[in-house]
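Work through these exercises with the structure open beside you. Try each task before you read its solution.

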Amino acid sequence: MKTKLAIFDIDGTLVDSRAVITECMQEAFEQHGLSKPSYDVVRTIVGLSLETAIDKIAPRDISHDDLLVLVERYKTAFIQRREAKTLDEPLYTGAMDLLETLRADGWTMGVATGKSRRGLDAIIKTHGFDRFFDCHFCADDGPGKPHPSMIHANLNACGVLPQNAVMIGDTSFDMIMSKAAEVKAIGVTWGFHTSEEIAVGGADHLVDTLEELGAVLNQFSRLHAL
């Protein structure tokens with residue numbers, strides 16, 4: 001029975017979606033007659049459920065109905081790019097190699113992402129992730145980050161105890177979620193949040209490269225041998 005579980009975030013961890021998320025958010029705000037948020041604003045809310053995320057950066061006097069319109073405009077911007085085949089969500093260099101290595105080393109793997117189910121299914125298909133991930137949960141499946149629900153769902157689906165699991169993500173929300181679920185938290189520094197923000201979230205490890213991530217996971221594996 002496999003007993004070690006690596007749970008991955010997607011945006012900013014495996015997939016470089018910084019540009020497209022910013023573009024779609026700016027398009028949604030501009031279409032609504034609002035000032036376009038900068039990348040430095042947008043990056044702070046990536047990982048949260050979409051309505052919660054947009055509410056954090058929208059004007060304070062916006063109505064709930066207008067907030068929902070913004071959410072739909074953002075979704076539409078993404079869908080239009082996907083249908084036009086202009087959606088650019090490339091893997092970080094080395095990400096596929098790492099997943100291949102982990103699978104060969106006997107890891108069970110899951111996903112905990114703020115993406116919608118539609119967006120998650122699309123990116124799994126685009127990058128062929130279905131051959132790596134034993135389960136995958138998103139914001140549509142229950143409470144979003146930093147609530148630990150998605151990690152609990154991964155643990156239950158894979159039959160793994162918290163002490164034998166790690167969460168890998170690029171935001172403080174991932175780290176807070178990990179701590180709440182009592183799993184090890186590994187923060188990667190190439191995504192949306194800064195090293196300082198990730199550390200404040202409670203990261204047990206901070207890594208600057210995928211090679212470093214592989215080394216940390218290998219060390220964890222040795223301590224949790226099958």
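Aspartate 9 lies in the loop between E1 and helix H1 (18-31). Keep in mind that the model is predicted.

**Exercise 1.** Decide whether aspartate 9 is buried or exposed, and find the side chain with which its own side chain makes a polar contact.

*Solution.* 
- Step 1: Take the relative accessible area of aspartate 9, which is 3%.
- Step 2: Buried means under 20%, so aspartate 9 is buried.
- Step 3: Look for the polar contact. The side chain of lysine 145 is the partner of the aspartate 9 side chain, at 2.8 Å.
- Step 4: Leave out residues up to four places away in sequence and list what aspartate 9 touches. Lys145 is on that list, and so are Leu14, Ala112, Thr113, Met167, Ile168, Gly169, Asp170 and Asp174.

**Exercise 2.** Give the order of the strands in the open sheet, and say which strands stand at the edges.

*Solution.* 
- Step 1: Follow the six strands across the sheet. The order is E3-E2-E1-E4-E5-E6, and the pairing is parallel.
- Step 2: Look for strands with a single partner.
- Step 3: On average, with direction ignored, neighbouring strands are turned by 20 degrees against each other.
- Step 4: Check the pairs around E2. E2 pairs with E3 in the parallel sense over four bridges. E1 and E2 also pair in the parallel sense, over four bridges.
- Step 5: Go down to single residues. Glycine 110 has cysteine 135 of E3 as a bridge partner, and isoleucine 7 has glycine 110 of E2. Valine 111 stands opposite histidine 136 in E3.

**Exercise 3.** Find how many residues of E2 are buried, and which residues lie on each of its faces.

*Solution.* 
- Step 1: Count along the strand. Six of the six residues of E2 are buried, so the rest of the structure largely encloses it.

**Exercise 4.** Identify the residues that touch the most other members of the largest nonpolar core, and the element that gives the most to it.

*Solution.* 
- Step 1: Start with the members. The core has 31 residues, and Phe8, Leu14, Met109, Phe129, Phe133, Ile168 and Leu213 touch the most others.
- Step 2: Sort by element. Those giving two or more residues include strand E1 (5-8), strand E2 (108-113), strand E4 (165-169) and helix H10 (210-223). H10 gives the most, with five residues.
- Step 3: Zoom in on isoleucine 168. Beyond its neighbours within four places in sequence, its contacts include Phe8, Asp9, Ile186, Leu213 and Leu217.
- Step 4: Look for another core. One of 23 residues lies apart, and Ile21, Phe29, Leu48 and Leu70 are among its members.

**Exercise 5.** Work out how many disulfides there are, and how far the sulfur of cysteine 135 is from the nearest cysteine sulfur.

*Solution.* 
- Step 1: Recall the cut-off: a disulfide needs two cysteine sulfur atoms within 2.5 Å.
- Step 2: Cysteine 158 is in no disulfide either. The count is zero.
- Step 3: Check burial. Cysteine 135 is buried at 7% relative accessibility, and cysteine 158 is buried at 17%.

Terms used
Residues numbered from 1 in each chain as written. Predicted model: local features only at pLDDT ≥ 70, side-chain atom pairs only at ≥ 80, totals over all residues. Heavy atoms only, no water. Core = buried A, V, L, I, M, F, W, Y, C linked by side-chain atoms within 4.5 Å. Buried < 20%, exposed > 50% of the residue type's maximum accessible area, 1.4 Å probe, protein only. Contact = heavy atoms within 4.5 Å. Polar contact = N/O pair within 3.5 Å; in protein donor to acceptor, adjacent residues only side chain to side chain. Pairing = 2+ DSSP bridges. Axes fitted to C-alpha atoms, helices over the stretch in contact; angles between N-to-C directions.
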